Amino acid sequence: MILVTGGAGFIGSNFILDWCRSSDEQVINIDKLTYAGNLMNLSSLKDSPQHKFFNVEIGNSNQVSKILKKYKPRAVINFAAESHVDRSIHGPRDFIYTNIIGTYELLEAVNSYWANLQDSQKADFKFMHISTDEVYGSLLPEDSSFTEKNQYKPNSPYSASKASSDHLVRAFNKTYQLPTITTNCSNNYGPFQFPEKLIPLTINNIIHNKKIPVYGDGMQVRDWLYVNDHCDALRLILSDGSIGEIYNIGGLNEKTNIDVITMICNKMDDIQFKKDIPSINLIQHVKDRAGHDTRYSIDISKVSKTLDWKPKETFESGIDKTIKWYLDNQNWVDSVSTGEYVKWMKKNYSELL
Ligand code: NAD
Ligand code: TYD
């Protein structure tokens, strides 16, 4: 059995769905169900004994300890976080609370659970912490990609809170020998991403003929990673990664924001046979994000050399799948962006509320 935190969010739910497709092992999912956490993502597992959900926050170490004691997972994978940079700029408090204090409380609960395991279970246990490339700060066009040895230079309240959590994880490994692994990945995209992030927001705004806001000149670069490639890497690192190590995971797909948006506009016009007004006319340059990082780029040498992993999707293939998913699942987008999700929860999971 494994325990996942934040498993109702974008990456966590994709990870659980992939896990249940590729293994029989049970998954415990603990999630606070913030605006970004939706059990609808996991509705295909609603009646499956393989997935068990608890509406618990990582900062509640008493409840987390009880769940750990009862289910005795062999690994904990921590996805739970506040994850949107713009929200962190407008209100950092939740980010400090969940990403720093929450991770600390989770580490305390996991560490005392682990310390009391029998020797053989203790030796097999892993705590995997999912982090971001944003902790390394911003690159200039001529700079080398981020390696695991880059200095931490976070620029937003989000990345500073994730950097703090990474340091706490490292400290629990060095001080108490808690068997931890940290992964730092680049921007993910794919099904179930909340439509506040660039790619789903662009797709959704084109569907609804709404303006597409481009921060500043749109020349900022992100290294896009298809979410299922990320999940493959995480499963591999969980099984074969070395304790105490950090692994950078990237998509080998560096693109400017304006190129990403233009590509989505053109593809959607082709799919929707939209010939009259091209979707690129929806692009609207707006005020730049405060402290906007200009470029992220990941060097995946370590994970590819030591664990033989590389991403399978090209940006072209990943974006095609993503556009198709959003076109086929407009109900999901509408539900998570309006109050419909709450009604759905009351109907299907009234016992949890
Ligand atoms: P998300 O915002 O979609 O999901 C986060 C999940 O965590 C939600 O289900 C939310 O309800 C839950 N959560 C929030 N606070 C909680 C708390 N206190 N206790 C329990 N659950 C809580 O985020 P995501 O995009 O799936 O990201 C998952 C992880 O991956 C995060 O740690 C994020 O920092 C990291 N990451 C994301 C990206 C990306 O591009 N999305 C890139 C790099 C790293
Ligand atoms: P985002 O998806 O928020 O991820 P992150 O900030 O973690 O990289 O944004 C990706 C890039 O797109 C980032 O450079 C900010 C930019 N962006 C826009 O230009 N317009 C938007 O409406 C959003 C949400 C993001």
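## Around ligand 1

Among the 28 residues around ligand 1 in this predicted model, I11, D31, S83, Y158 and K162 come nearest; a residue counts as near if one of its heavy atoms lies within 4 Å. The shell divides into 13 nonpolar, 11 polar and 4 charged residues. At least two shell residues come from each of α1 (10-22), β5 (126-132) and α6 (157-176), and β5 gives the most, with 3 residues.

Now for the polar contacts, which are pairs of N or O atoms within 3.5 Å. The side chain of D31 places an N or O atom 2.5 Å from an oxygen atom of ligand 1. Backbone N or O atoms also take part: that of K32 is 3.1 Å from a nitrogen atom of the ligand, and that of I130 is 3.4 Å from an oxygen atom. Taken alone, ligand 1 exposes 830 Å², and the protein buries 97% of that (Shrake-Rupley method, 1.4 Å probe).

## Around ligand 2

A polar backbone atom of P213 sits 2.7 Å from a nitrogen atom of ligand 2. Oxygen atoms of ligand 2 meet polar side-chain atoms of R222 at 2.7 Å and of N257 at 2.9 Å. On its own ligand 2 exposes 510 Å², of which the protein buries 96%.

## Reading the numbers

Residues are numbered from 1 along each chain as its sequence is written, while chains are lettered from A and ligands numbered from 1 in the order in which they are written. In this predicted model local features need pLDDT of at least 70, side-chain atom pairs count only at pLDDT 80 or more, and totals for chains, interfaces and linings use all residues, with side-chain values using heavy atoms and leaving out hydrogens and water.

How values were computed
A polar contact is a pair of N or O atoms within 3.5 Å; within protein, one must be able to donate a hydrogen and the other to accept it, and residues adjacent in sequence count only if both atoms are side-chain atoms. Helices (H or I, at least four residues) and strands (E, at least two) are DSSP runs, numbered from the N terminus. Ala, Val, Leu, Ile, Met, Phe, Trp, Tyr, Cys and Pro count as nonpolar, Asp, Glu, Lys and Arg as charged, and the others, Gly among them, as polar.
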